Amino acid sequence: MSGSHESEPDNADFHDRILAARLDAMNKYALFAAALAFVLVNSALGAANTWTGKITDSMCDKDHSMMATGGKQPDAKDCTLACVKGGSKFVFVSSGKVYEIANQDLPALKTLAGNNVKLTGELESDGKTIKADNLVAAK
Ligand SMILES: [Cu+2]
């Protein structure tokens, strides 16, 4: 091996590094463009939101003391389901605000009645009705 060949691997390496840097910059741009597109599409569709709160019913909303018997608080789930059976609607209470739920037939409303939940959905233009997409139990 002569000395003149020794610089070649270095050159190739240098070239690789330039190429890698260029690809890196392109990836960053692509990611940024994708993120921007996502944000734009989301805001155009009336952004989905996530709230933490409680599923209860429109008669008791913030607490079930109205249904207390002999000073004993009813079980939140039992009370909510009983009230809904009696004609009330499921509501969602978050940070002291009571939201109506547009889709009362969502099965998770029954299973998570009385529970703390994380609710993902869309706030309708009236500012007090949520169309729920998903409910998961929360602490
Ligand atoms: Cu109730």
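Visitor: Before we start, what counts as a helix or a strand here?
Guide: Both are DSSP runs, numbered from the N terminus: helices are H or I with at least four residues, strands are E with at least two. Two strands pair if DSSP finds at least two bridges between them.

Visitor: And what sort of model is it?
Guide: It's a predicted model, where local features need pLDDT of at least 70, side-chain atom pairs count only at pLDDT 80 or more, and totals for chains, interfaces and linings use all residues. Residues are numbered from 1 along each chain as its sequence is written.

Visitor: Who's the bridge partner of Leu123 in S5?
Guide: Ile130. Ile130 is also the bridge partner of Ile101. Strand S3 (residues 97–101) runs parallel to S5 (residues 129–137), with two bridges joining them.

Visitor: So what do the strands build overall, and in what order?
Guide: A closed barrel of five strands, S1-S2-S3-S5-S4, with mixed pairing. From one strand to the next, the twist averages 55 degrees. Axes are lines fitted to C-alpha atoms, for helices over the stretch in contact, and angles run from 0 to 180 degrees between N-to-C directions.

Visitor: Which helix packs on the sheet?
Guide: H2 (residues 76–85), which touches S1 and S2, its direction making about 75 degrees with that of S1. Contact means that the C-beta atoms of two residues, placed from the backbone, lie within 7 Å.

Visitor: How do S1 and S2 pair?
Guide: In the antiparallel sense, over four bridges, with S1 covering residues 49–57 and S2 residues 90–94. Phe92 in S2 is the bridge partner of Ile55.

Visitor: Switching to Val84: buried or exposed?
Guide: Val84 is buried, because 20 other C-beta atoms lie within 10 Å. The cut-offs are 20 or more such atoms within 10 Å for buried, 12 or fewer for exposed, and partly exposed in between, with C-beta atoms placed from the backbone.

Visitor: What does Val84 touch, leaving aside neighbours within four places in sequence?
Guide: Asp57, Lys89 and Phe90. Val84 sits in helix H2, and its C-alpha is 8.1 Å from that of Ser58, 26 residues apart along the chain.

Visitor: How much of the whole chain is buried?
Guide: 19% of the 139 residues. Among contacts with a separation of 6 or more, 61% come from residues 24 or more positions apart.
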